[in-house]
Amino acid sequence: MPDFQPLIKQLRSGDARTLARAISMVENRSPGWAELLKALFPQTGHARILGLTGAPGAGKSTLVDQLAKHYRKENRTVGIIAVDPTSPYTGGAILGDRIRMQDHFSDPGIYIRSMATRGSLGGLARTTADVATVMDASGRDLIMIETVGVGQDEVDIVRLADVTVVILVPGMGDDVQSIKAGIMEIADIFVINKSDRDGAERVEREIRALQSLAIRSDHFRGDHWTPPIVKTVASDGTGISQLAAAIADYEAYLQKENLTLQHNIENWQERLIEMLRDALLEKAREQMEDGNVARYAAEVAEHKRDPYTLVEELVGKIGKADS
Ligand SMILES: Nc1nc2c(ncn2[C@@H]2O[C@H](COP(=O)(O)OP(=O)(O)OP(=O)(O)O)[C@@H](O)[C@H]2O)c(=O)[nH]1
Ligand SMILES: [Mg+2]
């Protein structure tokens, strides 16, 4: 096993370039990535992870930026992961974020990483989790993950988080009705951003109406918490301290109810299954030489073989090859 101690030491010193290098290694699945994560894992578990999701253009980056400023005033170090930003890259910075995030470029207490990685090697959720692990090991106090709330990947990503913030905005067609049920149920806190626009009250009423229908015990955590609704104007900072307070309240609630560990266990349950699925699939691929899948598929399609026995045989081989 390579000696990662010098790298870990540099990482823990807060060096941004080392952090960038370690993240790239994990993100690209460069040789030694798994060994690196193994070496880093004992250093993790300190960072709080905040997931923020919402429709494209809802103001997620602006909000993350304001929260980062807020937490920096409390001297907490921040890592930001922007997953699959809808805006394209220019020289490593997201177009829309370049100017707003510029303030922080001189502050080593804020590290921003964008991942445009749909179809990434380990799967989007998995890679994001691994990147968060590296940031955690580097000693960041708080990690914010920004993701566009559209699909299952996003739901999986926010499931990594200790606290999930769902961002809505007024005037988006059917408003809340158009937001996927899956996204509604993962919210620990609702933000109605762009509250300077007409219709914020209406969105709030709609969330309340939905909340009265669905009891939080149906929420995947089942923690009986009623997600508060915070109105913000991210572009001028209105409501940011209220949002930070709501986040702190939820964390305090989790602590009081002894739910922090339980949340973590639930998160790991999901992640372990995903890791296992990846690893087994990888092994299965190793078993089958190139082109074999196509050959098997042809045989099944032509009814020369039944797929059930085939899969059983392949799975059986995995166990034997490994022992
Ligand atoms: N009026 C108003 N505009 C806002 C507010 N918050 C953000 N904006 C603007 O909305 C636009 C989109 O903001 P972003 O923060 O880039 O939104 P996003 O959700 O990160 O967008 P994507 O990452 O592209 O999905 C920008 O022009 C912001 O300046 C707000 O509270 N009120
Ligand atoms: Mg954004």
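Start with helix 3 against helix 6. W33, L37 and L40 in helix 3 meet R126, D130, T133, V134 and A137 in helix 6. Contact here means heavy atoms within 4.5 Å. Helices are DSSP runs of H or I with at least four residues, strands are E runs of at least two, and both are numbered from the N terminus. By class, the residues of this contact divide into five nonpolar, one polar and two charged. Nonpolar covers Ala, Val, Leu, Ile, Met, Phe, Trp, Tyr, Cys and Pro; charged covers Asp, Glu, Lys and Arg; the others, Gly among them, are polar.

A word on the source. This is a predicted model, where local features need pLDDT of at least 70 and side-chain atom pairs count only at pLDDT 80 or more, while totals for chains, interfaces and linings use all residues. Residues are numbered from 1 along each chain as written, chains are lettered from A and ligands numbered from 1 in written order, and side-chain values use heavy atoms, without hydrogens or water.

Now the geometry. Helix 3 is residues 33-40, and it packs on helix 6 at about 45°, with axes 10 Å apart. Axes are lines fitted to C-alpha atoms, for helices over the stretch in contact, and angles run from 0 to 180 degrees between N-to-C directions. The two helices are therefore oblique to each other. The cut-offs: under 35 degrees is roughly parallel, over 145 roughly antiparallel, 65 to 115 roughly perpendicular, the rest oblique. The crossing of helix 3 and helix 6 is left-handed; that is, the near helix is turned anticlockwise from the far one by less than a right angle, and clockwise would be right-handed.

Next partner. Helix 2 (residues 16-27) packs on helix 6 (residues 124-137) at about 155°, axes 9 Å apart. That makes helix 2 roughly antiparallel to helix 6. Their crossing is right-handed. L19, A22, I23, V26 and E27 in helix 2 meet T127, D130, V131, V134 and M135 in helix 6. That contact has seven nonpolar, one polar and two charged residues.

On to the metal. Which protein atoms are donors of the magnesium ion, ligand 2? S61 (OG) and E146 (OE), at 2.1 to 2.2 Å. S61 sits in helix 4 (residues 60-73) and E146 in strand 6 (residues 142-148), so the pair ties together parts 85 residues apart in sequence. Donors are N, O and S atoms within 2.8 Å of the metal (3.2 Å for Na, K and Ca); water is not among the atoms, so sites may look incomplete. Both S61 and E146 are buried. Buried means under 20% relative accessible area, exposed over 50%, partly exposed in between, with a 1.4 Å probe and protein chains only.

Last, the whole chain. The protein chain has 13 helices and nine strands. Of its 323 residues, 48% are buried.
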